[in-house]
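Here are my notes on the model you sent. Please read them with the structure open.

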Amino acid sequence: MSALSAAFFHDEAAAFAKLESLLWPEGPVCPHCGGMGRITNVKGGRMGLRRCGDCKKQFTVTVGTVFESSHVKLHLWLQAAHLLASSKKGFSAHQLHRTLGVTYKTAWFMFHRLREAMRDGALAPMGGLDGPAGGAGIVEADETFIGREPGKPKKRAYHHKMKVLSLVDRDTKQVRSVVVDDLKPDTVKPILAANIAKEASLFTDEAGHYVKLGKDFIEHQITSHGKGEYVRGIVHTNTVEGYFSVFKRGMKGVYQHCGKQHLHRYLAEFDFRYNNRVKLGVGDVERAERALRGVVGKRLTYQTTR
């Protein structure tokens with residue numbers, strides 16, 4: 001049976017019932033006042049319309065989510081969420097507009113809203129589990145380069161490219177990526193301090209900006225790629241480089257071009273799929289449902305994405 005044969009992918013009432021089951025597992029919740037006790041259905045109203053007896057306001061399950069005020073049918077939104085969540089290297093907006101029969105502008109905006117829903121925003125320090133040297137866990141840090149910085153002429157090396165810094169927790173197998181303007185120690189230091197536990201072991205390559213920054217952690221191990229060393233026992237950055245390989249194949253092969261103002265949302269998409277991958281026991285259906293659970297409180301308008 002096709003993964004897209006479920007009723008909520010084709011029927012609007014079933015789509016509302018599906019989203020309600022994900023966002024309201026204990027029953028309807030008013031997005032205006034948070035009330036649950038005196039909510040009634042509005043007869044003759046639009047699909048899924050309810051009224052809160054406490055604040056007297058009307059609402060549907062889409063209020064306060066990335067779906068709010070959208071003219072696209074909800075069952076099409078659920079199809080888009082499944083396609084984006086289940087495609088390992090991404091799904092282009094041009095392909096979506098042909099598949100769903102919406103305009104390219106609509107498809108592009110739909111995917112940016114869904115990427116916003118995938119944005120985790122986790123603040124807990126990485127490397128919190130038991131690791132070597134009597135410390136916490138192991139965190140790999142590395143950077144990659146893609147596209148071109150706005151307004152910068154093409155040069156040798158990476159200086160004209162957009163820069164991405166990614167951290168991978170070896171124990172939890174989770175990744176966290178950020179766009180950075182440069183790789184100066186003063187730029188990288190607060191990112192590492194905010195995202196990695198002081199007790200963690202930091203594994204990097206020989207990049208100069210890590211030399212001093214590694215001293216902030218209980219252990220800092222380096223593999224010297226310039227000398228042909230890529231693995232030394234458990235010391236390597238192969239995990240984060242494996243993440244980069246999927247990220248770059250998607251950005252170059254599927255999306256092909258990305259402005260810097262949008263790069264953080266594409267990173268959220270690739271981070272989300274990596275952190276909810278099959279190897280961690282998360283299949284396509286569950287991954288799409290996890291993305292849908294993240295739609296609350298993340299309104300995004302077309303003007304703010306341009």
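How many bridges join strand β5 to β6, and do the two run parallel or antiparallel?

1. The β5/β6 pair. This is a predicted model. Strand β5 (residues 162-169) is joined to β6 by 7 bridges. The two strands run antiparallel. For a landmark, find L167: its bridge partner in β6 is R176.

2. β5 and β6 belong to an open sheet of 5 strands. Its order is β6-β5-β4-β7-β8. The pairing is mixed. At the edges lie β6 (174-180) and β8 (219-223), and each of these pairs on one side only. On average, neighbouring strands are turned by 25° against each other, direction ignored.

3. The helix on the sheet. Helix α8 (residues 260-275) packs on this sheet. Its contacts there are with β4 (138-146), β5 and β6. The direction of α8 makes about 175° with that of β6.

4. A helix pair. Now turn to α2 (residues 74-86) and α9 (residues 284-293). Their axes come within 9 Å and cross at roughly 120°. The two helices are therefore oblique to each other. The crossing of α2 past α9 is right-handed.

5. Who makes the contact. From α2, the residues are L78, A81, H82, A85 and S86. From α9, they are D284, R287, A288 and L292. By class, the contact has 5 nonpolar, 2 polar and 2 charged residues.

Conventions: Residues numbered from 1 in each chain as written. Predicted model: local features only at pLDDT ≥ 70, side-chain atom pairs only at ≥ 80, totals over all residues. Heavy atoms only, no water. Axes fitted to C-alpha atoms, helices over the stretch in contact; angles between N-to-C directions. Helix = DSSP H or I, 4+ residues; strand = E, 2+ residues; numbered from the N terminus. Parallel < 35°, antiparallel > 145°, perpendicular 65-115°, else oblique. Left-handed = near helix turned anticlockwise from the far one by under 90°. Contact = heavy atoms within 4.5 Å. Nonpolar A, V, L, I, M, F, W, Y, C, P; charged D, E, K, R; others polar. Pairing = 2+ DSSP bridges.
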